[in-house]
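Please work through the following exercises with the sequence and the structure at hand. Each task is followed by a worked solution.

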Amino acid sequence: MTERKPPGVPFESWVDKQIRDAERRGEFDQLPGAGKPLPPGTDTSYDELWWIRGKMAREGLSVLPPALALRKEAEDALAAAYAAPSERIVRKIITDVNVKLRDMMFKPPPGPPLGMKPYDVEAVVREWRERRAAAGSAEDGSHV
């Protein structure tokens, strides 16, 4: 490869020629990943925090305000309760998340307000029973 761009040659043309010459010599043939698609999430724009974002994605971390993180946790807990195999587990999941919801209601952290109240354990158990009964009758082929 030429060390310096010759005077009078447009920079883009000079770079393109260097790349074409290297391709003809086969200098790109044995590169790792040759012929494979770019990994998911590969972005061509420059981001000086790319390594932090990558590490957080690999480790499943997020940087949400505490209220938003708890809102997500509460929604996930409700979904987990509806999918739970027993009423005892439903009650445990909802009771545990309600403790966190109440704590945040009475000791609000900085950031946006939570905008949630504790779940009604009995209402969630009732809904869980109905969903379980509906799923059981759907598996039997009968309709409710």
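Predicted model: local features only at pLDDT ≥ 70, side-chain atom pairs only at ≥ 80, totals over all residues.

**Exercise 1.** Determine how the span of helix α3 relates to its expected value, and where its buried residues lie around the axis.

Solution. Step 1: helix α3 covers residues 66-83, which is 18 residues. Step 2: from first C-alpha to last, α3 reaches 25 Å, close to the 26 Å expected at 1.5 Å a residue. Step 3: the buried residues in α3 are A67, L70, A74, A77, L78 and A81. Step 4: viewed down the axis of α3, these buried residues fall within an arc of 100°, so they line one face of the helix.

**Exercise 2.** Carry out the analysis for helix α4, and identify exposed residues on the face turned away from its buried side.

Solution. Step 1: α4 comprises residues 87-106, a total of 20 residues, and its C-alpha span from first to last is 28 Å, close to the expected 28 Å. Step 2: V90, I94, V97, N98, L101 and M104 are the buried residues of α4. Step 3: down the axis of α4 they fall within an arc of 120°, so they line one face of the helix. Step 4: R88 and F106 are exposed on the face turned away from that buried side.

**Exercise 3.** Which residues make the nonpolar surface patch, and where is L49 placed?

Solution. Step 1: L49, W50, W51 and I52 form a nonpolar surface patch of about 440 Å². Step 2: L49 lies in the loop between α1 (11-25) and α2 (50-58). Step 3: L49 has a relative accessible area of 36%; since buried means under 20% and exposed over 50%, L49 is partly exposed.

**Exercise 4.** Is D21 buried or exposed, and how far is D21 from L49?

Solution. Step 1: D21 sits in helix α1. Step 2: its relative accessibility is 17%, so D21 counts as buried. Step 3: the side chains of D21 and K17 are joined by a polar contact of 2.8 Å. Step 4: D21 and L49 are 28 residues apart in sequence, and their C-alpha atoms are 34 Å apart in space.

Methods: Residues numbered from 1 in each chain as written. Heavy atoms only, no water. Patch = residues over 30% accessible without salt bridge, like charges linked within 9 Å, V, L, I, M, F, W, Y side chains within 5 Å. Areas by Shrake-Rupley, 256 points an atom, 1.4 Å probe, with all protein chains shown as cover. Salt bridge = Lys/Arg side-chain N within 4 Å of Asp/Glu carboxyl O. Helix = DSSP H or I, 4+ residues; strand = E, 2+ residues; numbered from the N terminus. Buried < 20%, exposed > 50% of the residue type's maximum accessible area, 1.4 Å probe, protein only. Expected span 1.5 Å × (residues − 1). Arc of directions from axis to C-beta. Polar contact = N/O pair within 3.5 Å; in protein donor to acceptor, adjacent residues only side chain to side chain.
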